[in-house]
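Q: I would like to learn how to read a few local features here. Can we take them one at a time?
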Amino acid sequence: MQPKTFSQNPSEAEFRALAEFNKRLQLESHPDDPLRSLEAHMAMFKAGQVLKDQRLEHHTLTQADQIIALLSCQIEMRPFNRHLMRADIRVLPEYRRQGLAKQLLSQLLKVAKEYDRTIILGAGHDRAPAGKAFAQRLGAKAASQVCENRLELNKVAHVETWLEEAKEKSKDFYLEFCEGSYPEKELEPICRLIESMNDAPIDDLALDPFRVTPEMVRNFESYFETRGLKRWVYFVRHRESHDFAGFSVVFFDRFNPKVLIQDDTSVISQYRGHALGRYLKAAMLDKVRRERPEIKTISTHNAVSNRYMLAINHAMGFKPYLTIDLWQLERAQLETYL
């Protein structure tokens with residue numbers, strides 16, 4: 001059985017095969033979520049093609065026109081992290097431990113050499129322990145651990161208390177709401193604000209600090225639109241200087257309308273110590289509760305080592321839902337294994 005390169009312009013039949021494969025694995029990783037529709041899978045695939053600064057490749061193993069194993073490669077083309085690539089090998093449960101993942105490794109090595117990547121970053125979760133065993137056989141290094149935490153919106157705690165506390169602790173700051181595209185005149189300072197996420201812990205991941213440009217921001221906004229995501233952002237600004245001090249981002253997914261995605265929350269280092277992270281989170285969830293009653297669940301991802309953000313989330317009532325291990329493998333290790 002030889003890997004096949006998945007078309008960059010798939011037919012509807014190819015999309016259906018990919019969607020059925022992903023649905024099977026979604027039942028394993030996220031059994032509480034509604035299965036993604038064909039339209040949702042098409043939107044996700046097309047959104048990946050919108051991003052100008054990365055290359056995406058998919059390689060499949062099939063049986064009777066059914067995808068049974070998939071290698072997905074994401075190659076960063078921006079000036080940073082040019083030493084690494086991200087790769088994801090997934091196999092249907094009933095076909096695991098039959099050597100299919102190993103068959104895809106030769107294709108992975110070929111891609112790594114083509115783009116001159118020396119580090120391969122992959123992931124696996126605790127509901128599919130075969131992935132961890134596979135990574136360990138390869139000699140991959142456990143570089144970080146991330147937890148998806150979830151909370152039912154009607155059980156969120158401390159919102160009113162933290163908003164009241166902000167009147168004193170955060171009195172030198174004010175909130176500013178943004179829906180949709182960022183204003184053109186604010187793009188440069190917003191880029192610097194997003195870069196404050198470089199302070200988040202990365203554990204042993206071999207990642208470079210990232211830089212953000214206005215062009216990248218606009219490209220990501222095109223990605224969100226294609227993917228079916230609607231963005232809400234709360235900024236917090238210094239009252240005297242009007243400088244950005246922090247931000248919190250959430251997304252509404254039109255293909256999963258009952259689950260809110262809590263994305264980045266960050267405060268610039270010079271403005272920390274004023275409970276702004278709690279202020280931002282409380283203000284956002286208060287607004288969501290009032291204006292988007294269809295939302296039932298909030299999902300967020302945090303590095304297990306990010307104790308500051310986890311302290312806020314746990315106080316609000318978030319509970320672990322899925323544990324994700326991030327693995328690093330040197331290309332030389334893969335060559336030796338093969």
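Q: Which residues of α8 are buried?
A: This is a predicted model. Buried means under 20% relative accessible area. In α8 the buried residues are Leu276, Gly277, Tyr279, Leu280, Lys281, Ala282, Ala283, Met284, Leu285, Asp286, Lys287 and Val288.

Q: Is α8 mostly covered or mostly uncovered?
A: Mostly covered: 12 of the 16 residues in α8 are buried.

Q: How many residues does α8 have, and what does the helix span?
A: The expected span of a helix is 1.5 Å times one less than its number of residues. Helix α8 covers residues 276-291, 16 residues in total. From first C-alpha to last, α8 reaches 22 Å, close to the expected 22 Å.

Q: Which residues does Asn313 touch, beyond those up to four places away in sequence?
A: Contact means heavy atoms within 4.5 Å. Asn313 touches Lys281, Thr300, Asn302 and Phe318. Lys281 is one of the buried residues of α8. Asn313 itself lies in helix α9, residues 307-316.

Q: Why does Asn313 count as buried?
A: Because its relative accessibility is 0%.

Q: What is the phi of Asn81, and where is Asn81 found?
A: Phi is positive, about 60°, although Asn81 is not a glycine. Asn81 is found in the loop between β3 (66-76) and β4 (84-91). Asn81 counts as buried, because its relative accessibility is 7%.

Q: What about the phi of His158?
A: Phi of His158 is also positive, near 75°, and His158 is not a glycine. His158 is found in the loop between β6 (141-152) and α5 (159-169). At 36% relative accessibility, His158 counts as partly exposed.

Terms used:
Residues are numbered from 1 along each chain as its sequence is written. This is a predicted model: local features need pLDDT of at least 70, side-chain atom pairs count only at pLDDT 80 or more; totals for chains, interfaces and linings use all residues. Side-chain values use heavy atoms; hydrogens and water are left out. Helices (H or I, at least four residues) and strands (E, at least two) are DSSP runs, numbered from the N terminus. Buried means under 20% relative accessible area, exposed over 50%, partly exposed in between (1.4 Å probe, protein chains only).
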